[in-house]
Amino acid sequence: MNADIYIGIDMGSTGLKAVAFDGESGWSLAASGAALPFIHLPGGGCELGAEAIEGALMQALRSVASQLGPRVAAVRALSCTGHGAGLYALDARHRLLRARAVASIDQRASARARALAQQLGAQLFEEVGCRPWSGQPTLIAAELLATGAMQRGAVHRLLFAKDYLGLLLTGEPSTDASDVGTAGLLALDTGACSMRAFDAAGLSELAGTLAPIVPGGAVIGTLLPERAGSCGLPAGLPVAASAIDLLASLMAVGAPQRGQAVAVLGTWCVNAVIDSVREPKPAVGAIVNFGVAGQRLYLENSPSSMANVAWLARTLGLHGAAQVLDCALSVPLGAQGLRFLPFINGGSVPEGVAAGFIGLRPQHGRAHMARAVVDAVAALHARHLGRLASCGLGVRTRVAALGGGARDVRLVRLIASFLGHPVARCGDDETGARGAALYAAMSQGASMPAPSFERVAHDAQDANACADYYGGFLKLVESMPPVCAHIAEPGQ
């Protein structure tokens with residue numbers, strides 16, 4: 001007897017993928033996806049066309065349905081997850097304004113975020129769990145209004161990436177607490193929409209456009225007949241609410257039950273742990289009320305992790321992350337004094353910090369540049385995880401590495417060496433889609449098993465070298481915000 005099948009769809013910062021999972025074994029049965037053609041604009045803008053999103057979504061579902069063949073009849077539900085923040089603003093006809101979404105790595109509101117953080121950062125952190133940052137929907141909208149790219153009153157509904165996919169599939173607008181909370185728009189104490197956050201951006205009217213908040217695992221609608229016919233999935237297929245990709249990944253691997261903090265080596269440098277409500281609030285990058293009583297999602301993030309590696313690969317003509325690692329590891333840790341600031345998409349804490357090589361000399365070649373980037377990416381994850389641990393969040397030595405970068409054990413071992421203890425590596429790089437499929441299963445009163453982990457030991461022989469590099473990296477990162485702020489000033 002064939003097991004039930006659940007489909008998870010994950011729209012990340014660079015691509016979209018749909019995966020069908022066997023509900024009994026948890027095995028992947030079919031998968032399809034592609035990169036999304038983001039549009040890069042002057043001033044750090046990053047947008048994505050509505051047609052590109054819809055096209056990628058339907059193509060992925062058609063391919064998965066085709067791969068399943070007759071077993072497509074066993075699909076019981078699907079759900080979507082996706083990157084947080086950015087701007088998915090709809091007009092009165094439920095279409096994306098300007099026929100475009102704005103990515104969470106968009107940097108056009110950086111100066112606005114810095115100024116607002118100086119004014120109201122402490123008050124906003126106390127209420128919503130984060131300080132202003134450039135990828136927030138409200139600050140992006142305020143920036144577009146200021147430049148005339150958007151008109152006041154044009155937004156009729158405010159969604160997030162996964163919600164927009166759900167709307168395309170069902171015609172029903174909805175969101176969840178994890179996305180609203182991560183965007184800094186949800187009051188921590190009450191779980192209600194924060195008027196202070198909307199007022200701070202000068203957009204109080206947007207609060208009323210937020211889609212209804214529903215719990216993960218609730219059925220939000222059924223697959224529209226025309227969508228079902230186009231992609232070959234069963235008519236009337238239930239579509240379930242999910243969560244932001246980070247929380248979906250945490251749930252997929254069972255991290256809350258294991259007491260693990262996670263490092264997600266994706267486009268973003270995401271590091272998080274679920275723990276109990278703490279007062280006073282820990283001094284971390286962000287705290288999220290994700291809708292579970294007595295628990296919070298604690299975050300230390302930056303917009304750039306593997307994005308740095310992808311940039312280097314393009315710049316040096318290397319073929320992907322594996323070749324960057326091959327090149328990097330041909331020279332020793334530290335790259336003979338060359339250092340890299342791993343903020344190619346900017347930094348959220350501190351906001352406005354930029355990427356760059358420091359200490360570049362004639363003897364440095366592309367291997368040294370690759371090593372400097374790889375060392376810095378691993379050290380940045382270790383820095384964020386260390387900040388969580390220093391606040392007593394999670395168990396210091398229980399860390400799991402997820403995401404595309406975790407496919408390479410060498411990068412995970414480097415993170416473990418900077419931390420000084422082993423790291424559990426999840427070889428499944430589709431944990432976002434797996435988490436979405438888990439929510440789909442929950443909507444049908446079912447569950448799915450978690451994937452397995454591999455224990456990656458730290459390099460004890462290089463402990464002193466790792467400690468020296470890591471200490472210097474921390475000092476370098478902490479010293480750079482004034483320099484970056486000076487460079488960002490007009491006329492510099």
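A polar contact is here a pair of N or O atoms within 3.5 Å, in which one atom must be able to donate a hydrogen and the other to accept it, and residues adjacent in sequence count only if both atoms are side-chain atoms. The model to which this is applied is a predicted one. In it, a polar contact of 2.7 Å joins the side chains of Lys162 and Asp163.

**Cavities**

Searching the whole structure gives 4 cavities of 30 Å³ or more. The largest of them holds about 100 Å³ of space, and among its 15 lining residues those closest to the centre are Lys162, Asp163, Ser174, Ile220 and Ala241. Two or more lining residues come from each of β6 (75-82) and α4 (161-170), with α4 giving the most, 4 residues.

The second largest cavity has a volume of about 80 Å³. It is lined by 14 residues, of which Leu124, Pro132, Gln136, Gly184 and Ala197 are the closest to its centre. Here the elements that give two or more residues to the lining are α2 (110-128), α3 (137-146) and α6 (195-200), and α2 gives the most, with 3 residues.

**Lys162**

Lys162, one of the residues closest to the centre of the largest cavity, lies in helix α4. Is Lys162 buried or exposed? Its relative accessibility is 5%, and because buried means under 20%, Lys162 counts as buried. When its neighbours within four places in sequence are left aside, Lys162 is in contact with Cys80, Thr81 and Gly82, with Thr175, Asp176 and Asp179, and with Ser242, Ala243 and Ile244.

**Helix α1**

What span should the 19 residues of helix α1 (residues 50-68) have, at 1.5 Å a residue? The expected span is 1.5 Å times one less than the number of residues, so helix α1 should span 27 Å, and its end C-alpha atoms are 27 Å apart, which agrees. The buried residues of α1 are Ala50, Ile53, Ala56, Leu57, Met58, Ala60, Leu61, Val64, Ala65 and Leu68. Just after α1 comes Gly69, which takes a positive phi of about 60 degrees.

Note on methods: Residues numbered from 1 in each chain as written. Predicted model: local features only at pLDDT ≥ 70, side-chain atom pairs only at ≥ 80, totals over all residues. Heavy atoms only, no water. 1 Å grid on protein atoms, 1.4 Å probe; cavity = no way out; pocket = protein on both sides within 12 Å on 5 of 7 lines; lining within 4 Å. Points joined across faces, edges and corners; volume = space filled by probe spheres on them. Buried < 20%, exposed > 50% of the residue type's maximum accessible area, 1.4 Å probe, protein only. Contact = heavy atoms within 4.5 Å.
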